[in-house]
Amino acid sequence: MKIAIIGRSELLYNTIELLLEKGYEIPLIITSKEAPEYKKTSADYENLALKINATYILTSKINSEDTMSQIKSLGLIDIAVSVNYSSVISKEIIDLFPLGILNAHAGDLPRFRGNACQAWAIINGEDSVGLCIHRMIGGELDSGDIIVKSYLPININTRIAKTFDWIENEIPKLILNAIIKISKAPTSFEVQSKNPEDALRTYPRIPSDGKINWNLSSESIVRLINASSEPFSGAFTIYDEEKLIIWRGKLYDDNENYLAIPGQISKIDKNSGSIVVITGDGKIEIDEIEINRERGKPSNFIKSIRKRFN
């Protein structure tokens, strides 16, 4: 079977290596300029294409007549695999491959459709994050029959990096399984529901979304901390007019009866280095912070329970 590669990132690069290891032929690699956070660049893809004698196309305009002509000139390519390409792929391009184009989506389709699915799943209190390999529909995002799915159980203490590590390891294997499955039975797959009530659109998140509202519940704040942690810029609050990033926090319950304003620091533990902060419905314990680019135990920076986070 001949497989075309379309996209970017180390995830796709690792997928190529697995497919080559399993004996598949890759005659075409199409990529575009890498995002700043990517570990693999377009130059890496070019070098790989040269190594395996594949046609290499660097373009952000895959739907152009020129790109279409280049693909056609290579003869029959059975299927394509797409991960993190920089634009929507047209029906005309998809139709060049008899078995279509498979796309990896890090969300439980059709419900989690869009961006930042893992962060939203943590924030929303889901019990798992999903990963789907689906057959693309031209001009649409996250649509088309689902070939294979996989799930990672999560809870309030799951940090976003764990979901990314899982996805990085899972995607190449899941794409391989999807290719094997589609080669045996090209039409027997899960059809995505078209009912709008079955879909949950997740929109992109930006660093300012990590600002903590201390009037919210303890659970909501802990989930935000974990969804905003590395590799992202962290959940944050304001302390003495400085931005303070909270990297690690957890629920805390000491059965104390109290009256306090949310954001109040209620305890400084000199043994563990943690602090306890009042929320809208309870308390959380904070184990690691960063302020003025210095990172460490909260008790190294905060010395009084008269202080508040805003």
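A residue counts as buried when its relative accessible area is under 20%, as exposed when it is over 50%, and as partly exposed in between, using a 1.4 Å probe and protein chains only. The structure is a predicted model, in which local features need pLDDT of at least 70 and side-chain atom pairs count only at pLDDT 80 or more, while totals for chains, interfaces and linings use all residues. Residues are numbered from 1 along each chain as its sequence is written, and side-chain values use heavy atoms, with hydrogens and water left out.

A search of the whole structure finds 13 salt bridges, a salt bridge being a side-chain nitrogen of Lys or Arg within 4 Å of a carboxyl oxygen of Asp or Glu. The table gives some of these pairs.

| Salt bridge | Closest N and O atoms |
|---|---|
| Lys149 and Asp108 | 3.2 Å |
| Glu230 and Arg159 | 2.9 Å |
| Lys307 and Asp240 | 3.2 Å |

Lys149 is partly exposed at 28% relative accessibility, and Asp108 is partly exposed at 23%.

Through salt bridges that share partners, Arg159 and Glu230 are joined with Arg248, Glu288 and Arg295 into one network.
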